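Good morning, colleagues. Please turn to the sequence and the structure on the screen.

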Amino acid sequence: MLKFKLFLLSACTFMCIPTLFAQETTLEQTRTEMNIVFRVGSSAIDATYMDNSATLERMVEWVNGVKADEMVDIVSVEFCGAASPEGSSAINRRLSRERLTALENYLRSKIDIPESKIVRNDQYIPWDNLHKMVSESDLADKAAVLAIIEKPGKTAANGLDSRINELKALNGGKTWNTLFNRYFAQMRNAYTVLVTCKSKKALEMEKPAPAPEPEPEPQPEPTPEPVVEQPKPVIVDYSPKKGDVTLAVTVGYEANTNVVAQPGNLNTYEVTPMTDLRFAFGIEGGWFVADRWKLSLAGTVSFFNNPGYSEVPGTVDGAGSIEDNLGEIPNYRAVADAQTFTYGAALGFDRYFDVKFVKNMLVYTGLRVGFAYGQNQMKYDEWTSMGKSIAETSSLRGAWTFGVDYFVAPKMFLGISVDPVSYTYNLTTYVPQEGLGNLSADSHKISAFACPTLRVGFKF
């Protein structure tokens, strides 16, 4: 291969020797290599795979450059196909040829290349490439791997290159798995080597010098006009940077949990592991550990107290018919003395992205882990009550979050977020009467597009 490429370069030099004795010609040779990577077992060019998109764009730019410059001549185009060594020899050779053909068809659909200037090489397993990558690595068995690669290849009974069987047996197969994960994807490729030659006229035939023209009389120089510098546009970037701190007020639904205790004078009690989901205000603080990475901590807390009132007995004794109780004073039942306490906290880690078509708007996505707790105590001041009843609920929650922040000023932003997928585990416990045991139930909940939250925040 090296001799062939030297021959191409020599041919390029010979083809560009000037033929007109009155001209001097300089040479500019260009060698361009472009590499396309393929998925396992595939010979189709996938622009979305690894760096293929950028390589295809470079290939189009090269084609456009050759078409636009009449002084450029294509000397040779070499197409090479390769496969990683995990398949059989027959499969690898077929894939190498198909990948070579796919790349050749793509390039020749963009520009006309004479068949005489095309070289094809279906080497099918680039052992030299693998040798180079392993020699530059920190692989634990590097010496043993290099020794196996350097052996001459022979076809084993199973149809594979004998070096493949030796590599698979090395270190119980662990070394083979490391090679597969690190290097084999880079070996499933097809590449092209493009050699062009550009010729430029440096000198032209000497011509007799023209008769000198009379020098014009000097004219007074005009007064230069004053140069007015135009003010440069000021681009204001409100996006957060590493080390910035944010503080926001939030309001969200399903951001808190609540439960209500049952009266203490019932004959039968049951518990349902359902929390009272509601709107809740909170505070959220954030710290940008990098330019687009934010660590956040949000929390909310609330306390409610409902004072109780004693019952007011009337004159209705409950006996007799409705007609007998006409005109009697009804009984007023006691109002329960109740206290409710709730709190919640959530830790998040988000990655921010710029929105190119909307200035100072950023979208983000990340993960949330949170905990919420709620307790309600209730006591009726009446003779039928069996003391204070208590209800508690606790929730553990994990979620994937998506949101948008818009900076309306350098230090102020408005935001909205939602959890496309979330999971909540809840445990609810009742102690309906003093002296009774706990009555508990738990639940598992998977939600979609839950916990919509609005925020108004400031950046420091």
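Let me begin with a charge and a ring: the charged end of Lys 168 is placed over the ring of Trp 176, at 5.3 Å from its centre. Please bear in mind throughout that this is a predicted model.

How many aromatic pairs does a search of the whole structure find? The search finds nine. One of them is formed by Trp 293 and Phe 349, with ring centres 5.5 Å apart. Their planes meet at 20 degrees, and because planes under 30 degrees apart count as stacked, this pair is classed as stacked. Where do the two partners lie? Trp 293 belongs to strand S7, residues 293-306, and Phe 349 to strand S8, residues 337-354. The two residues are 56 residues apart, and their pair links distant parts of the chain. As for accessibility, Trp 293 is partly exposed at 36% relative accessibility, and Phe 349 is also partly exposed, at 39%.

The next pair is that of Tyr 343 and Tyr 373, with a centre-to-centre distance of 5.6 Å. Here the planes are at 40 degrees, and the pair is tilted. Tyr 343 is in strand S8 and Tyr 373 in strand S9, residues 361-379, so the contact ties together parts of the chain 30 residues apart in sequence. Are these two tyrosines buried or partly exposed? Tyr 343 has a relative accessible area of 32% and is partly exposed. For Tyr 373 the value is 15%, and this residue counts as buried because the limit is under 20%. Both tyrosines also take part in a cluster, in which ring pairs link them with Phe 341 and Phe 371.

Thr 428 is located in strand S11, which spans residues 412-431. With a relative accessible area of 1%, Thr 428 is buried. Which side chains does the side chain of Thr 428 contact? One is that of Thr 393, through a polar contact of 3.4 Å. Another is that of Asn 426, where the polar contact is 2.8 Å.

Thank you for your attention; I would welcome your comments.

Methods. Residues are numbered from 1 along each chain as its sequence is written. This is a predicted model: local features need pLDDT of at least 70, side-chain atom pairs count only at pLDDT 80 or more; totals for chains, interfaces and linings use all residues. Side-chain values use heavy atoms; hydrogens and water are left out. Rings of Phe, Tyr and Trp (its six-membered ring) pair if their centres lie within 6.5 Å; planes under 30 degrees apart count as stacked, over 60 as edge-to-face and the rest as tilted. Helices (H or I, at least four residues) and strands (E, at least two) are DSSP runs, numbered from the N terminus. Buried means under 20% relative accessible area, exposed over 50%, partly exposed in between (1.4 Å probe, protein chains only). A charge sits over a ring if NZ of Lys or CZ of Arg is within 6 Å of the ring centre and within 35 degrees of the ring normal. A polar contact is a pair of N or O atoms within 3.5 Å; within protein, one must be able to donate a hydrogen and the other to accept it, and residues adjacent in sequence count only if both atoms are side-chain atoms.
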